[in-house]
Amino acid sequence: MAVQASKPAAQNAKGALVLFSGGQDSAVCLAHALTHYTRVETIGFDYGQRHRVELEARVRVREAMAALSPAWAEKLGGDVLVDISGYGQLAESALTYERVIEMGESGLPTSFVPGRNLVFLVMAAAHAWRRGLDVLVGGMCQTDYSGYPDCREDTLQAQERALSLGLDMPVTIDTPLMFLTKAQTWELADGLGGKPLVDLIVEHSHTCYMGDREHRHDWGYGCGACPACELREAGWKAWAGA
């Protein structure tokens, strides 16, 4: 049975704004949005990441996605990159500072950027309000969520309600990967765009916490040792070997 998005897309929506990092998950979310919504724009955030690689990947993935399908190219609208680099200084983590990625004293991994998704969603909602877009699409997932509490469905449901109240309009947060494993995320990509989309994600998206674009694996570029690479590799092997 083909993998389906965990939450039905709002087919009557004017359009969707994808929280787009250039990683595997956001690439699949962009393909999902281009499949289910009539107009799609993207937003990304420079939050003081240790590496600029994922910001560069955003451009590559967007361009390759538009070239993949004339219908997708027609739907794909503007992109904005928001500079919130000062936030990285407040939310010190292994993703914004030279720190070892390990389990911290709080019980959360040191790669956790406190409140990152909440901040992203507030800013995305403000931009979507101005652009007349009804739905925010994000790659949050509580199946392979690395222990990040702002990826949980309960958190996202509360944020959806808060944004709707704060903007005095219905805000929908579409999280198509919420209950999928990484293997199922690869399967969903295959279902949305076939081998061309899978190849695009392998070649152009970036997930590695170390910013490694030198080592090429079957599943893409990365150090192969950080938690993000381990999840991506394990998902690829489970899907490709199935």
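Start with the cysteines: select Cys 208, Cys 223, Cys 226 and Cys 229, which carry the UniProt annotation "binding site" in an unreviewed entry. UniProt positions are given here in the numbering used for this structure, feature names are shortened, and such annotations may be inferred rather than shown by experiment. These four are spread over 22 residues of sequence, yet they cluster in space, with a largest C-alpha distance of 6.8 Å.

Before you zoom in, a word on the model: it is predicted, with local features needing pLDDT of at least 70 and side-chain atom pairs counting only at pLDDT 80 or more, while totals for chains, interfaces and linings use all residues. Residues are numbered from 1 along each chain as its sequence is written, and side-chain values use heavy atoms, leaving out hydrogens and water.

Now show the sulfurs. How many disulfides does a search of the whole structure find? The count is 0, where a disulfide is a pair of cysteine sulfur atoms within 2.5 Å. For Cys 208, the nearest cysteine sulfur belongs to Cys 223 and lies 3.6 Å away. For Cys 229, the closest one is in Cys 226, at 3.7 Å, which is too far for a bond.

Stay here and pick Cys 226, in the loop between β7 (220–221) and α8 (227–240). Helices (H or I, at least four residues) and strands (E, at least two) are DSSP runs, numbered from the N terminus. Cys 226 counts as buried because its relative accessibility is 5%; buried means under 20% relative accessible area, exposed over 50%, and partly exposed in between (1.4 Å probe, protein chains only). Beyond four places in sequence, Cys 226 touches Cys 208, Tyr 209 and Met 210, contact meaning heavy atoms within 4.5 Å. Then click on Cys 229, in helix α8. Cys 229 is buried too, at 1% relative accessibility, and its contacts beyond four places in sequence are Cys 208, Trp 219, Gly 222, Cys 223 and Gly 224. Cys 208 is likewise buried, at 5%.

Next stop: strand β1, residues 16–19. In a regular strand the side chains alternate between the two faces of the sheet. Here both faces are covered, with Ala 16 and Val 18 buried on one side and Leu 17 and Leu 19 buried on the other. Follow the chain from β1 through helix α1 (residues 24–36) to β2, and you trace a right-handed β-α-β crossover; that is, with the strands pointing away from the viewer, the path from the first strand over the helix to the second runs clockwise.

Ala 16 has a bridge partner on each: Val 40 in β2 and Val 135 in β4.

While you are on β2 (residues 40–46), select Asp 46. Is Asp 46 buried or exposed? Asp 46 counts as buried, at 10% relative accessibility.

Finish with the largest nonpolar core, 60 residues in which Leu 19, Met 65 and Leu 136 touch the most other members. Helix α7 (residues 182–204) gives the most to this core, with 9 residues. Such a core is a set of buried Ala, Val, Leu, Ile, Met, Phe, Trp, Tyr and Cys residues joined through side-chain atoms within 4.5 Å. Select Met 65 and, leaving aside neighbours within four places in sequence, look for contacts including Leu 34, Trp 72, Leu 197 and Leu 200.

Definitions and conventions: Pairing = 2+ DSSP bridges.
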